[in-house]
Every structure is written in structure tokens, then in C-alpha cells.
Amino acid sequence: MSSPAALRSAIVDLGSNSVRLVVFEGVTRNPLPIFNEKVTLKLGRGLDATGRLNEEGVTLAMDVLGRFHTVARAMGAEPFEVLATAAVRDASNGPDFVAAIRARMPGVPIRVLEGEEEADYAARGVLCGLPEANGLVADIGGGSMELIHIADGQYFEALTTRLGVIRLQDRAEGNIEVAADIARQMLGEVNWLPGMTGRPLYLVGGAFRALARLQIARTRYPLNLVHLFTLSEGGARELADWVINAPRRTLEKLPGAPRKRLGDAPFAAVVLRCLMERVRPSKVVFSVDGLREGWYMKHIASSVAAEDPMKTLAQDMANRLARSVGLSHPLVGWTAPLFPHETPHQKRLRVLACTLSDIGSYDHPEYRAEQTYRRIMHGHGVGFEHTARAFIGLTLAVRYEVPLDSPLIEPSRQLLSRSEIERAICLGLALRLAYTLCGGTVVLLEECRLIVEGDRLVLILGARSVRAAGSAVRRRFERLAAAMQLECQVREE
């Protein structure tokens with residue numbers, strides 16, 4: 001019998017613009033995709049005019065789905081399911097297309113989602129990475145855009161609109177101004193949208209992700225990750241206006257420009273602009289997690305859905321990479337006296353940094369700082385916001401003695417405020433001192449402690465920790481005190 005860690009599940013997301021196969025491994029709080037392949041079909045092209053799926057897309061889909069079926073079965077994925085969305089749902093030849101898919105993929109469940117089902121999966125996908133999300137989700141595809149009000153870990157109002165980028169282009173005959181009029185009219189008919197004013201707007205779907213990629217390239221943003229990339233209302237408004245008005249050749253010249261999405265991008269920007277006019281969000285957050293991750297959380301990982309995604313990911317990483325897993329909780333208490341006025345969010349990041357503080361232990365000493373920093377900054381993890389990555393990454397790089405002027409940590413310098421940088425440095429130095437004192441053992445860590453007395457940082461050593469202390473301890477303690485702008489004193493108990 002296979003162990004739970006070896007279980008695999010697969011979903012085919014058959015949309016109006018593209019089809020994608022994702023194979024997930026295991027049953028964990030953070031979906032772990034081990035295979036992810038997309039092919040552009042444009043099934044929904046011309047749907048409003050003809051009422052039928054695009055014939056070229058249908059022909060290509062048969063070949064692609066046959067390949068996906070072979071791959072998923074070879075990888076041992078079970079369950080394996082196909083979810084079809086707006087184009088197949090609305091096309092007159094949709095039932096015939098589904099029947100042809102069943103013949104090509106025998107034994108694979110194929111479901112044509114209703115609009116509210118599609119919204120349900122999208123909401124679950126966003127909540128997968130952001131369980132505390134409270135605002136409006138807009139999931140744009142080729143044939144439709146779902147709007148969902150999420151709060152308190154669940155969704156409330158939800159509906160589907162015909163504002164998918166392919167359908168909008170077709171109806172507007174490629175005219176941006178006409179598309180804006182259509183979008184304003186459709187959004188104006190959603191009577192609960194004004195209640196979303198002042199809350200975050202969470203954007204899901206390939207066309208919205210293309211906007212994020214363009215902005216990341218255009219502004220030379222220091223972290224090339226779309227997931228949880230966040231803009232202020234003004235920044236998102238400016239982005240939308242720029243994409244609407246920029247010549248295509250300008251977009252094409254940007255490094256990493258999503259070329260297959262450049263034709264859709266102005267229409268996605270129009271929809272975003274009209275949405276923002278309607279709800280005036282507090283911020284705009286791009287989420288890579290959507291329908292597919294929502295399916296995973298509902299059907300595969302419902303038993304662990306209540307877990308904190310960031311905490312779970314940190315613990316999973318520590319279990320795989322650290323030698324001193326049991327030290328994380330004692331380190332939280334050991335470093336607490338250094339940060340007496342931290343906010344709940346700051347404490348959360350400190351706890352995560354302590355949990356992850358030994359994940360470079362098996363790397364080559366010359367590359368521990370670099371490897372650890374890159375794991376945090378670039379690793380897959382649905383719940384890690386960019387500033388959280390920057391803080392924890394910097395903390396652990398300092399813990400492994402990165403030079404503070406190193407180009408490696410430039411992304412953290414750009415993403416964090418001065419006070420956050422100073423805090424990360426102090427925590428990193430404290431962790432470095434702790435591991436030097438205790439060698440990664442709880443028994444020696446419990447023999448010593450740090451306290452702050454006025455303008456003095458005091459290191460108190462018990463009998464065994466005195467014997468373990470040496471010049472390296474003194475040097476690292478003095479460096480920590482200097483970073484905190486405190487005098488230092490060592491006492492023995």
C-alpha cells in the first residue's frame with residue numbers, strides 16, 4: 001500500500017482560453033504541484049457570434065487531452081478529473097465536445113461547472129493561500145469572470161459574468177472603448193459590489209496574472225513572483241491605464257513579457273479599471289491560486305484546510321531540512337525579550353523565522369546563507385506574502401553570516417522598511433548567537449538567556465553554557481548588542 005506522501009491527484013482545467021493539467025503530490029495544507037502544463041486553445045473564440053466552440057480549438061483539444069490522460073495515468077494520479085468552464089458550458093456543441101472527451105479519456109470524470117460552482121472553487125483557491133482574506137475575488141477567464149465576496153474563511157455573494165477576455169474582445173470587436181462601456185454596464189448590474197468598497201480586491205486568472213507580470217518587468221520589482229504581488233489602489237489604477245494605452249511593441253520589449261497574453265492584456269486592464277471604479281479597493285492582490293487549488297482543497301486536502309498555511313509550510317521545511325527541529329519553540333521564548341513591543345504580525349514572522357532557522361544545516365558552509373535565502377525568497381509556498389519572504393529570508397541570511405552589503409539580500413532591502421531591516425538583522429544575529437551557544441541542542445539553550453536592562457543587553461550563562469562559551473560567543477554577543485545600540489554584559493549564574 002502506498003504511503004499518504006506518495007498519493008497523487010490530478011485536475012485538467014479546461015477553460016475558454018487554455019487547458020492545463022496539474023498533478024499534485026501528497027495531502028498537505030500547501031498544494032504541491034509536481035507537473036504543470038498549459039496549452040492555449042481559445043475554445044471560446046467567436047462563441048458569442050456562432051454559439052459554438054472554436055473548431056480549431058476543439059481539434060487541438062483532442063490531441064492535448066489525450067496526452068494529458070497518458071501523463072496523469074502514468075504518474076499514478078487518483079483522483080483525476082476534468083473541469084470544464086464557461087465556453088463548454090455555454091456552447092451549443094458543448095455536449096458533443098464532452099462526449100468526445102469521454103471517449104478519448106475513458107474512466108475520467110468530466111464535469112461542466114455551473115457559474116456558481118466555478119466561483120466556489122475560485123474562492124477556495126484564494127482562501128487556500130490567504131485564509132484571512134476579506135474582500136472581493138475576481139477570477140477572469142476567456143469566457144467569463146466570476147465575482148465572489150469572501151470573508152471569515154468562506155464566501156457569500158457569488159456570480160458569473162460574461163466578462164471573460166475572449167468574449168469581451170469579440171463583443172467589442174476589438175475596440176477598447178466599447179469594451180469599457182460593456183464592462184461598466186455589466187458591473188453596474190451587480191447590486192452588492194458597492195458593499196465591497198474599501199476592501200482588498202483579489203485577482204485570479206491568466207489575463208490578470210499577465211498584468212502582474214508586465215508590472216513586475218516594467219518596474220524591475222525585486223521578486224519575480226506573481227503570487228501575492230500587491231499594489232496600492234493608485235498603483236493598480238496606473239498599471240491598468242498604462243496597459244490600455246501602451247503600444248503592443250512596448251509591451252513586447254519588456255523582459256519576460258507573457259507574449260501569448262499580450263492581446264488579452266488591454267481587455268483585462270479595462271475590466272480591472274472598471275472594477276476599481278465600482279469598488280475602490282484598499283489594495284489589489286494577485287493570486288496564482290484559483291480554481292485548481294480550490295478543487296484540491298475541497299476534494300483532496302479538506303482534512304487539513306483549517307491549518308495555517310505559512311506555519312505548516314515552515315514546519316514541513318524544517319522537518320525536511322533542519323537538524324534541530326525541536327529547537328524552534330525554545331528559540332521563540334529565547335528571543336522574545338529582545339522584542340518586547342512587537343505586534344502580533346511581527347511575532348508571527350519571528351516564530352516562522354525561528355522554525356526555519358536551521359534549514360541550511362546540511363548545505364555547504366560557503367553557500368548556506370545564499371541557499372537559505374533563495375529557498376525562502378523563491379520557494380513554492382501559497383501563504384508567503386512578499387514582505388514576509390523578505391523579512392524571514394534576511395533574518396536567516398544574517399543567521400548564516402551574510403555580509404550586510406551583499407547583493408544577495410538586495411530584494412529584502414527594497415521590499416522592507418528601515419525598521420523592518422533592523423529588526424531582521426537583530427533577530428538573525430540573536431539566532432546566530434543562540435546556535436553558537438547551544439550547538440542546536442535544547443539542553444544547552446535552556447542554560448542561558450538574554451535580558452534587556454535599561455541600555456544594557458545581558459547574556460546570562462549557566463554552568464554548562466559557561467563551559468560551552470568561548471571567543472565566538474563573545475564576538476557574536478557583542479555584535480548583537482551593537483546592532484541593538486546597547487551596551488553588553490555577560491553574567492554567570
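Ala, Val, Leu, Ile, Met, Phe, Trp, Tyr, Cys and Pro count here as nonpolar, Asp, Glu, Lys and Arg as charged, and the others, Gly among them, as polar. The structure is a predicted model, in which local features need pLDDT of at least 70 and side-chain atom pairs count only at pLDDT 80 or more, while totals for chains, interfaces and linings use all residues. Residues are numbered from 1 along each chain as its sequence is written, and side-chain values use heavy atoms, with hydrogens and water left out.

A cavity is a set of points, on a 1 Å grid over the protein atoms alone, where a 1.4 Å probe fits but cannot get out; its lining residues have an atom within 4 Å of a point. The largest cavity has a volume of about 370 Å³, a volume being the space filled by probe spheres set on the points. Its lining comprises 29 residues, with D13, I140, G141, G205 and R292 nearest the centre. By class, 7 of the lining residues are nonpolar, 12 polar and 10 charged. Because domain 1 (8-113) and domain 2 (116-292) both contribute to this lining, the largest cavity lies between them; the domain bounds come from an automatic or database assignment.

The second largest cavity holds about 30 Å³. Its lining has 4 nonpolar, 4 polar and 1 charged residues, and Y435 is one of them. R399 lies over the face of Y435, 4.0 Å from the ring centre; a charge sits over a ring if NZ of Lys or CZ of Arg is within 6 Å of the ring centre and within 35 degrees of the ring normal. The charged end of R218 likewise sits over the ring of W242, at 4.3 Å from its centre.

Note on methods
On a 1 Å grid over the protein atoms alone, a cavity is a set of points where a 1.4 Å probe fits but cannot get out, and a pocket is an open set with protein on both sides within 12 Å along at least five of seven lines; lining residues have an atom within 4 Å of a point.
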